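User: Hi! Could you walk me through this structure?
Analyst: Happy to. Here it is.

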Amino acid sequence: MMEPSRQLMTVGNTTSFQDTLKQLSSYGWSIHHADNAQEAFELLNREACRVGLAAIDSSGGSLPLEVDTRPGLSQVQWVAILEHNVLQHDKARDLIYNACYAYQARPIDVRRLDILLGSALGMASLHEDHSISTLFCPDDSYHMVGESPIMQQLYRTIYKVAAAEAPVLITGESGTGKELTARAIHAHSSRCHGPFNVVNCGALPSGLIQSELFGHEKGAFTSANQRKIGIIESSQGGTLFLDEIGDLPLDMQVNLLRFLENLKVFRVGGLQEIPVDVRVLAATHVDLERAVERGEFREDLYHRINVLQVRTPALREHPEDIEPLARFFFQKFSSEKPTRVSGFSRDCAVVMRQHPWPGNIRELVNRVRRSMVMCEHRLITPSDMGLERRQTLSRDADTLQQVRDMAESDAIRAALARNKHKVLHAARELGVSRVTLYRLLEKHSIDKNGGSVNGKTVDPSTSGFVQLTST
Ligand SMILES: Nc1ncnc2c1ncn2[C@@H]1O[C@H](COP(=O)(O)OP(=O)(O)OP(=O)(O)O)[C@@H](O)[C@H]1O
């Protein structure tokens, strides 16, 4: 897995940003220069420059950007450098709009520029014919794997929203990689050197939410022995990820909205507002529009956080990524702890494709981890993963959705039975959170003893879909 090479092109007069170029080359960029458009085309034939740096002058003009629409140069992702007041020129604004990936106003923060160019490079490689199989993150544990068209689309969206500053709402089922996506947006944004803080809105104790988010002054309430900086304030210069924002109580939604409107916090018991430079990303697995209709989520807050949207696909929507993902996790765990096991059996690959993965990628991670412990041979078998080969298709299942639902419901019943109907244990085995399992029990009208509520009954032995082996 190779990252695209950091070749950067410049065209025309670069005297105004020579120091910047020197610093960029110390960050690993190879700089290639062309004096004019003709030389630029020749350069592109010789070197794989996918990213360019272009100055926009005080009249709003820029040689490389003005020739950008010609074939060849238009494949370069340009980042423009300019004085802030140049943005008053219509010509400069048009050039940025039509020809640039992003721009940076002087004074130039070269570390930010480096990140911006890195994102532009990622975007450029996605435009090329070949697809990428991994979205790299500076921290190895946060690489994103998947080569399917739907994952390529996700990577493109991540690069696009990373270059913007607006809030992002990340939607998707549990375990599909919403937090990972938020980390990728942060890592490819100009804020990547700042903190990335996560708040799980559903897990905050109700009495403490206000002070956890906004902080408090000493003496603000009985147990406030000292000043506490809230998580919003401690995200200064970085990104704040609000996970499961749909679980935020209504009164806290008002406070969050106020903060998002003026980007200032009031510590509990504080007298002055404190400005905080933070970008907010939020995630939810519930349908917030419906929550708004039901009066459970504020409409104004919904519009405020829903400026840009990213959806992480369910694993069943990209089954071609199941095997590469399983191999990725296998390699990751093998490098953490040496193993005699050398990979997955052919049978296992078939069964992994058949399984509906209600817990999505998190379930896959857990099953791979478990299989590496359970496996007694060189190759992992379906039963090492807690999966068994499908016997027959149900006669009653007409549509793909019905087949999936039946499989999901069977897997849940079997897990409950194996775990003596302890929801927490069954959830762990299925690789979903307890909350998700309760949601699924409701969806399939299963009571937690594995029976059916509302008089519905399903006999797993006749549905004949993926069964989990007893362990
Ligand atoms: N594309 C991917 N490549 C590699 N690992 C992934 C990918 N997507 C998700 N994962 C892994 O799957 C697990 C679940 O991901 P994550 O926590 O981001 O999901 P989530 O949608 O936020 O879940 P929840 O809604 O339950 O909080 C993590 O271990 C994450 O590293």
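**A chat about the core and the ligand**

Analyst: Keep in mind that this is a predicted model. Let's begin with A80: leaving out residues up to four places away in sequence, A80 touches A54, I56, S62, L65, I96, C100 and Y103.

User: Which residues have the most contacts inside the largest nonpolar core?
Analyst: They are V79, A80, A120, I158, A326 and L364, in a core of 100 residues. Helix α5 (residues 110-127) gives the largest share of this core, 8 residues.

User: Why would nonpolar side chains end up together?
Analyst: In soluble globular proteins they tend to be buried together.

User: OK, new topic. How many residues surround the ligand?
Analyst: There are 18, and the closest are S174, G177, K178, E179 and I361. By type, the shell around the ligand has 5 nonpolar, 9 polar and 4 charged residues.

User: And which elements each supply at least two of the shell residues?
Analyst: Those are β7 (144-145), α7 (178-187) and α14 (360-374).

User: Where does the ligand lie relative to the domains?
Analyst: It lies between domain 2 (149-311) and domain 3 (316-385), because both give residues to the shell around it.

User: What about S433, where is that?
Analyst: S433 is in the loop between α16 (423-430) and α17 (434-443).

User: How many C-beta neighbours does S433 have inside 10 Å?
Analyst: It has 19, so S433 counts as partly exposed; buried would take 20 or more.

How values were computed:
Residues are numbered from 1 along each chain as its sequence is written. This is a predicted model: local features need pLDDT of at least 70, side-chain atom pairs count only at pLDDT 80 or more; totals for chains, interfaces and linings use all residues. A nonpolar core is a set of buried Ala, Val, Leu, Ile, Met, Phe, Trp, Tyr and Cys residues joined through C-beta atoms within 7 Å. A residue is buried if 20 or more other C-beta atoms lie within 10 Å of its own, exposed if 12 or fewer, and partly exposed in between; C-beta atoms are placed from the backbone. Helices (H or I, at least four residues) and strands (E, at least two) are DSSP runs, numbered from the N terminus. Two residues are in contact if their C-beta atoms, placed from the backbone, lie within 7 Å. A residue is near a molecule or strand if its C-beta atom, placed from the backbone, lies within 6 Å of it. Ala, Val, Leu, Ile, Met, Phe, Trp, Tyr, Cys and Pro count as nonpolar, Asp, Glu, Lys and Arg as charged, and the others, Gly among them, as polar. Domain bounds come from an automatic or database domain assignment.
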